[in-house]
Amino acid sequence: MQPTYTTHSHWMRQALKLGAAAGEAGEVPVGAVIVNQQGKLIAQGENRRERDRDPTAHAEIIALRQASQVLGDWHLDTCTLYVTLEPCPMCAGAIIQARIGLLVYGADDPKTGSIRTVFNLPDSPASYHRLPVLGGILESSCRQQLQSWFAQHRANM
């Protein structure tokens, strides 16, 4: 059974909650969740670069690592990854490496978006995995969360 817009919206709202938690902790507010083919949440992540002092601690990377541990396999082809912001080059590469079954993201990233906006890693000759992508789910909510956080963060600098 194919997920509906209602299902995608539900999981994106969960990712938005994680993004809000990251923002409250001083991180760029990006959240990610991974759902298995039965529609069960198996992993989640929020940005933790500042807290962990780790440049790879993006929400997607944290969720991918957790899902691989839960499933006991790095092949995540039966899973859907929901993330509030279009993945950067590092995360896009990791998503492709994990062979995610479907990527669903909220807002385009005009600076580092590597799925559709700045460049398209999944469809490039460098990608051996044809990644199905659905963008724009709860796009305005995802964009607003980021814009509000950056406006507040800049005002406090």
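Q: Buried means under 20% relative accessible area, exposed means over 50%, and partly exposed is in between (1.4 Å probe, protein chains only); is serine 68 buried or exposed on that scale?

A: This is a predicted model, in which local features need pLDDT of at least 70 and side-chain atom pairs count only at pLDDT 80 or more, while totals for chains, interfaces and linings use all residues. Residues are numbered from 1 along each chain as its sequence is written, and side-chain values use heavy atoms, with hydrogens and water left out. Serine 68 has a relative accessibility of 18%, so it counts as buried.

Q: In which helix does serine 68 lie, and with which residues is it in contact?

A: Helices (H or I, at least four residues) and strands (E, at least two) are DSSP runs, numbered from the N terminus, and contact means heavy atoms within 4.5 Å. Serine 68 belongs to helix 3, and, once neighbours within four places in sequence are set aside, its contacts are Asp73, Trp74 and Leu76.

Q: Which residues does the UniProt annotation "binding site" cover?

A: UniProt positions are given in the numbering used here, feature names are shortened, and annotations may be inferred rather than shown by experiment. According to the unreviewed UniProt entry, the "binding site" annotation covers His58, Cys88 and Cys91. These residues are spread over 34 residues of sequence, yet they cluster in space, with a largest C-alpha distance of 9.4 Å.

Q: Where is histidine 58 found, and which residues does it touch?

A: Histidine 58 sits in the loop between helix 2 (49-52) and helix 3 (59-71), and its relative accessible area of 14% is why it is called buried. Not counting residues up to four places away in sequence, histidine 58 touches Asn47, Arg49, Cys88, Met90 and Cys91.

Q: What is the place of cysteine 88, and is this residue buried or exposed?

A: Cysteine 88 is located in the loop between strand 3 (80-85) and helix 4 (89-98), and it is buried because its relative accessible area is 12%. Apart from neighbours within four places in sequence, cysteine 88 is in contact with His58, Thr112 and Ser114.

Q: Where does UniProt place the feature "active site"?

A: The unreviewed UniProt entry puts the "active site" feature at Glu60, a residue that lies in helix 3. Glutamate 60 has 4% relative accessibility and therefore counts as buried. With its neighbours within four places in sequence left aside, glutamate 60 is in contact with Ala32, Leu81, Val83, Leu85, Pro87, Cys91 and Ile95.

Q: What should the 20 residues of helix 1 span?

A: The expected span of a helix is 1.5 Å times one less than its number of residues. For helix 1 (residues 5-24), 20 residues at 1.5 Å a residue should span 28 Å, and because the end C-alpha atoms are 28 Å apart, the two values agree. The buried residues of helix 1 include His8, Trp11, Met12, Leu16 and Gly19, and the helix is followed by glycine 26, whose phi is positive, near 90°.

Q: At what angle do the axes of helix 1 and helix 5 cross?

A: Axes are lines fitted to C-alpha atoms, for helices over the stretch in contact, and angles run from 0 to 180 degrees between N-to-C directions. The axes of helix 1 and helix 5 (residues 139-155) come within 11 Å and cross at roughly 5°. Angles under 35 degrees count as roughly parallel, over 145 as roughly antiparallel, 65 to 115 as roughly perpendicular and the rest as oblique, and helix 1 and helix 5 are therefore roughly parallel to each other. On the helix 1 side the contact is made by Met12, Leu16, Gly19, Ala20 and Gly23, and on the helix 5 side by Ser141, Cys142, Gln145 and Trp149.

Q: Which value does phi take at arginine 99, and what is phi at leucine 138?

A: Arginine 99 is a residue other than glycine with a positive phi, near 60°, and it lies in the loop between helix 4 and strand 4 (102-107). Its relative accessible area is 25%, so arginine 99 is partly exposed. Leucine 138, which is not a glycine either, has a positive phi of about 50°; leucine 138 is in the loop between strand 5 (133-135) and helix 5, and its relative accessible area of 17% is why it counts as buried.
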